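I opened this entry to look up the pockets and their linings.

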Amino acid sequence: TKEKKRHMGDTKHFCPVSLKENFVLYPGLYEHAAKYQEKIYYFSTSEYRDKFLKNPEEYVAHNEPIQAPPLRVCLLGTHGAGKTTCARQIADKLGIFHIQFEEYLQELILPKTKEKVGPDFDGEPEEDDNKMTILSQELDNFSQTMAKTEAEKSKQEVELTDEEEAIKANLVDNEALPPEVLDNIVLDWWRKEPFRSTGFILDGFPRTLDEAQYLSERGLCPDVAVYIQVEESDVLDRLFPPRLKKWKERQYRKMENKKKLKDLKAKIRV
């Protein structure tokens with residue numbers, strides 16, 4: 001064992017080209033191995049092995065050991081498992097960035113949508129509101145017409161790009177994000193500053209097998225993947241109270257609207 005360790009390259013069983021060019025620890029494969037200065041190096045692909053052999057001095061250590069990349073963590077778990085709470089604590093303790101994936105998607109389209117979208121943010125339609133709008137128009141038709149015109153004008157000005165439409169569809173209908181959209185979002189966390197040199201904990205990604213395969217195909221290897229498994233009763237205890245609070249608030253608004261509706265009808269009769 002000691003003999004083998006002594007003859008392995010500077011990056012051990014990780015690909016030196018992936019580390020140098022992408023700052024990622026990507027495990028090398030035995031079938032893509034090469035020998036240089038009596039040391040064995042392993043590469044993630046045959047292309048990277050050939051690239052190394054053309055200019056090996058660019059990928060080996062010289063006066064100082066090769067710097068390892070910062071910690072990159074993927075934190076997974078069902079909705080309500082407590083991922084975000086744990087991620088914030090870990091990020092604070094380790095001094096790395098906390099990225100909440102779905103929240104990040106919301107922020108990308110929020111300047112145009114003006115409000116968060118998705119099942120957790122959709123309000124229930126209230127018939128009383130529609131009735132009140134009609135009655136209000138009868139009382140103040142001109143004012144309502146002007147407001148409607150301004151609203152339609154504002155709505156026409158907001159036009160989502162294809163990428164923003166894909167993000168919205170993912171948040172609202174859980175449609176898969178195309179690889180080209182993920183490229184514009186995820187690659188920067190591994191390859192650009194300040195994430196590249198600081199590290200991060202990615203909260204809620206990957207969420208599907210396709211997203212996990214995307215990371216693998218792009219060579220974006222997390223150092224640690226943690227899955228939080230909790231009992232269904234714990235999730236229910238965590239999610240039910242705020243949902244119940246929202247429901248009570250909607251019921252209260254309905255009662256208030258009914259009262260206003262009654263007052264409007266009385267005004268119209270007068």
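My notes on the pockets and the chain follow.

I am working from a predicted model, in which local features need pLDDT of at least 70, side-chain atom pairs count only at pLDDT 80 or more, and totals for chains, interfaces and linings use all residues. Residues are numbered from 1 along each chain as its sequence is written, and side-chain values use heavy atoms, with hydrogens and water left out.

I noted a volume of about 1300 Å³ for the largest pocket. Its lining (residues with an atom within 4 Å of a point) has 47 residues, and H79, K83, Q100, E102 and D120 lie nearest the centre. Elements that each supply at least two lining residues include β3 (72–77), α4 (83–94), β4 (97–100) and α12 (232–269). By class I recorded 15 nonpolar, 16 polar and 16 charged residues in this lining.

I then took the second largest pocket, with a volume of about 220 Å³. Among the residues that line it are P16, F23, Y59, H62 and Q67. Its lining divides into 7 nonpolar, 2 polar and 3 charged residues.

Buried residues (under 20% relative accessible area, 1.4 Å probe) make up 31% of the 270 residues.

Methods. 1 Å grid on protein atoms, 1.4 Å probe; cavity = no way out; pocket = protein on both sides within 12 Å on 5 of 7 lines; lining within 4 Å. Points joined across faces, edges and corners; volume = space filled by probe spheres on them. Helix = DSSP H or I, 4+ residues; strand = E, 2+ residues; numbered from the N terminus. Nonpolar A, V, L, I, M, F, W, Y, C, P; charged D, E, K, R; others polar. Buried < 20%, exposed > 50% of the residue type's maximum accessible area, 1.4 Å probe, protein only.
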